Amino acid sequence: TRAPDALPAAAAGAQGRSIEQPDLVHGPTELRVFEAPLPGYGDGLWLFAAAAGPSPGWRRAALLASSDGGTTWDDSGATAEPAVLGHSLDAVPAGDAALFDARSFIEVVLLNEDMWLENRTDDALAAGANLALLGSELIQFGKAEPLGDRRFRLSRLLRGRLGTEWAAAGHAPGESFVLIRTGTLAPLRWPLGAIGATALVRALGLGDTAEGVGAERQVTGDALKPPTPVHLAAGIDAGGDLLVTWVRRSRLGFAWANGADAPLGEELERYSVSIAGAAAARSFEVAEQRLSYAAAERLADGMAPPFTISVAQIGTHATSRPALIAFG
């Protein structure tokens with residue numbers, strides 16, 4: 001059929017829209033997988049995946065996870081927004097979890113030149129700002145001094161946050177640094193039966209090989225353990241009994257709420273108390289934050305000072321690390 005001689009009606013043109021993101025090379029993926037007692041994840045066993053790339057153009061990658069040593073792999077969605085990742089340059093000294101550390105500093109180098117760290121006020125730190133994972137310890141930093149070439153010196157430190165004071169010693173150079181920021185972590189629900197096993201996670205991004213980038217870690221269940229009890233004290237009362245007292249903490253209540261105690265965070269309140277003397281040892285399980293060990297019982301048990309006293313909270317899924325004190 002012959003086409004008509006008339007031209008088609010003119011159509012209005014569209015100017016289109018500009019591309020919002022710069023046209024950058026995506027590059028390979030850097031993947032970190034860790035456990036941490038982060039707020040809002042107290043009802044199960046969670047791992048967290050943080051990912052970014054050496055190239056500022058990195059955006060996202062698909063995630064696969066295996067809890068059975070790589071026999072089967074489950075689709076775990078995708079990574080979150082690019083995280084701020086890096087590693088420490090020096091061995092970080094041990095720190096006190098009860099005070100601001102105004103003397104020490106931590107030097108870190110970030111993964112790419114577009115990543116940045118900023119200063120925060122003490123009030124902002126109290127609200128949870130600048131929380132970061134260094135090795136297995138959660139820290140906060142008030143000052144971040146840029147040194148050039150992706151390096152920052154972190155100071156005005158708060159150490160052992162959210163019950164991780166046990167990890168504040170024994171740091172080594174080259175430990176992983178992850179800034180904990182909303183929207184940059186992909187939570188992975190993990191089976192409770194996998195505690196003690198090795199978790200395998202794989203990321204597949206545009207710049208990765210067909211096998212992707214793998215990360216693995218042993219699942220310890222540390223985030224399910226109650227925090228170590230504090231203010232452990234011992235003394236002999238007027239009747240000659242050994243009185244041991246302590247204060248519990250909660251993995252679900254690190255905020256300081258005036259007029260209210262921290263929530264228990266466990267199904268039952270229970271504690272394991274061990275007392276070791278020069279020639280004997282005795283263990284107890286109690287349901288309150290005190291233990292009275294009668295003088296007559298100590299004599300019958302052959303318990304003589306000095307004593308080493310250990311107290312741990314028995315949680316729903318795990319037992320806390322013990323608090324220790326020497327007495328006598």
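**Close-up views of a predicted chain**

**View 1. The loop at Gly 212.** Gly 212 sits in the loop that joins β12 (198–205) to β13 (213–218); helices (H or I, at least four residues) and strands (E, at least two) are DSSP runs, numbered from the N terminus. This is a predicted model, in which local features need pLDDT of at least 70, side-chain atom pairs count only at pLDDT 80 or more, and totals for chains, interfaces and linings use all residues. Residues are numbered from 1 along each chain as its sequence is written, and side-chain values use heavy atoms, with hydrogens and water left out. Is Gly 212 buried or exposed? With a relative accessible area of 19%, Gly 212 is buried (buried means under 20% relative accessible area, exposed over 50%, partly exposed in between; 1.4 Å probe, protein chains only). Not counting residues up to four places away in sequence, Gly 212 touches Arg 202, Ala 203 and Leu 204, where contact means heavy atoms within 4.5 Å. Leu 64 is 148 residues from Gly 212 along the chain, and their C-alpha atoms are separated by 9.5 Å.

**View 2. The largest nonpolar core.** This core has 34 residues; a nonpolar core is a set of buried Ala, Val, Leu, Ile, Met, Phe, Trp, Tyr and Cys residues joined through side-chain atoms within 4.5 Å. The residues with the most contacts inside the core are Phe 34, Leu 117, Phe 141, Leu 154, Phe 177 and Ile 180. Strands that each supply at least two of its residues include β2 (45–52), β8 (137–148) and β9 (151–158). Apart from this core lies another, of 20 residues, among them Leu 45, Ala 194, Ala 215 and Val 219.

**View 3. The surroundings of Leu 117.** Leaving aside neighbours within four places in sequence, Leu 117 is in contact with residues including Val 84, Val 108, Leu 110, Phe 141 and Ala 144. Also among its contacts are Phe 152, Leu 154, Phe 177 and Leu 179.

**View 4. Gln 313 in strand β19.** Strand β19 covers residues 307–313, and Gln 313 lies in it. How much relative accessible area does Gln 313 have? The value is 0%, and Gln 313 is buried. Residues up to four places away in sequence aside, Gln 313 touches Pro 226, Pro 227 and Pro 229, among others. Its contacts also include Arg 248, Arg 249, Arg 270, Tyr 271 and Thr 319.
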